[in-house]
Amino acid sequence: MSATGTRTGHVVVIGAGVAGLAAAHRLLGRGMRVTVLEASGRVGGKLLPGEIAGVRVDLGAESMLARRPEAVALAREVGLAERLQPPATATASIWTRGALRPMPKGHVMGVPGTAAALSGVLSDEGLARIERDADLPRTELGDDVAVGEYVAARLGREVVDRLVEPLLGGVYAGDAYRISMRSAVPQLFQAARIHASLTEAVRDIQAKAAAAQQTGPVFMGIEGGVGSLPLAVAESVRARGGELLTGTPVRELRRGGTAEPGEGAGGTRDAAWRIVAGDRVLHADAVVLAVPAGAAAGLLRAEAPAAAGELAAVEYASMALVTLAYRRRDLRLPEGSGFLVPPVDGRTIKASTFASQKWGWIAEEDPDVVVLRTSVGRFGETEILQRDDAALVEVSRHDLREATGLDAVPLQTRVTRWTDGLPQYPVGHHARVARIREHVAKLPGLAVCGAQYDGVGIPACIASAYAAVDQLGGDLSRVRELTANPVQSLHGGAGE
């Protein structure tokens, strides 16, 4: 009998990031008995609420794509409907070629439908190179291709280096010349397979987006920070009878065992899984594995060595967020929500968010305080993250001064390091995910979910969790859909 085929089934969820918590929440709604095990001392993973200069802020991810339903719907289900807020401004800039320039509109993840869309960001030579796309012969994509490699071949490297790279880097902290087009920008990959020219493919995406007449904000935040979402989900899990244990690392995951006395007729029964966590031994009908790839590989090595080998090969990027608070009277910022920085410009920071201008609730909490964030660190960049917190603050202040003229002394600063925080999606990622799921499917009562599979954004992680829950119930349709069509984790500007 499947784990979700009986109301008395016991499911253990390993990992209390947003994916694990979403899985637990969905399982409880289907009548399961649920235990969530988290190795660290808190829930939420890369969603982390904090405070600076008396103002609540996010110290991890700060927004969620609203054009996918999963994250906003879950927030509403756990009582956060009244706290959902779109950004106060959607205007952003790009700091390139020595100046802050308006972020172009009318592109898909930095790829334009016309050269004119990138006027002001690219050089005249770069714009002229885009025009050649229509005259080039079709480029065969094959089963997958790197975003940067394909776009550069069609439109020139300047498009990649000045716009595609910083946009993708903001999501994956990765290298556009390595990142899978099929997995990271699936809508563009599919359109490019149909059309002879890339700009024609982009215009087709834009036309379909216009015809769909999508309304409402592209992104959504939560008053107090999106870091409050996992806290609310965890509270709901506990309120519905779920057991949630932090500081409880799982040391062993094996098939088989005897369930706890009192379960089922006769006092004991066979269980599908035996989990050793801390000083406890648990028995479960099913397990949802919602931990990063390295931890998942370690737990699956005994029972699914092939899946473990694939997971162990997943690479991660590390990064740090520097949060700075200033007195409002001490600074004057450009308008908008912040800016991105192309690596080709040789700066240290890769982006800055003017948090008090982007999120109305931050400005309202203390009108006399202005909060900014910068991010540093990309895949393969290790030297910058070896510096101490004071040095990261100093390089952030230096780049902010160069970009905006901001020379004030901050009231307070905070550095949050996300070591191995972002899984990389290189060419062939989709095939690796399919192989992992194929190996896992051979073990009844086991499902996997999280950022390393179908998309790194919050809605993608939740969609992954729901697919895992469905899989335990024998419904593989969501898993197949996600594996075939990963969730794009950043809106590409097609309808803007």
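Predicted model: local features only at pLDDT ≥ 70, side-chain atom pairs only at ≥ 80, totals over all residues.
A residue is called buried when its relative accessible area is under 20%. F339 has a relative accessible area of 3%, so F339 is buried. W95 has a relative accessible area of 2%, so W95 is buried.

The discussion now turns to ring pairs. Searching the whole structure gives three aromatic pairs. In one of them, the ring centres of W95 and F339 are 5.9 Å apart and the planes meet at 80°, so this pair is edge-to-face. The two residues come from distant parts of the chain: W95 belongs to strand β7, residues 93–96, whereas F339 belongs to strand β18, residues 338–340.

Because F339 lies in strand β18 while F354 lies in the loop between β19 (349–353) and α12 (355–358), the pair ties together parts that are 15 residues apart in sequence. Both F339 and F354 are buried. Taken together, ring pairs join W95, F339 and F354 into a cluster.

A further contact involves a ring and a charged residue. R26 is placed over the face of Y466, at 3.6 Å from the centre of the ring.

Conventions:
Residues numbered from 1 in each chain as written. Heavy atoms only, no water. Phe/Tyr/Trp six-rings, centres within 6.5 Å; stacked < 30°, edge-to-face > 60°. Helix = DSSP H or I, 4+ residues; strand = E, 2+ residues; numbered from the N terminus. Buried < 20%, exposed > 50% of the residue type's maximum accessible area, 1.4 Å probe, protein only. Lys NZ or Arg CZ within 6 Å of the ring centre and 35° of its normal.
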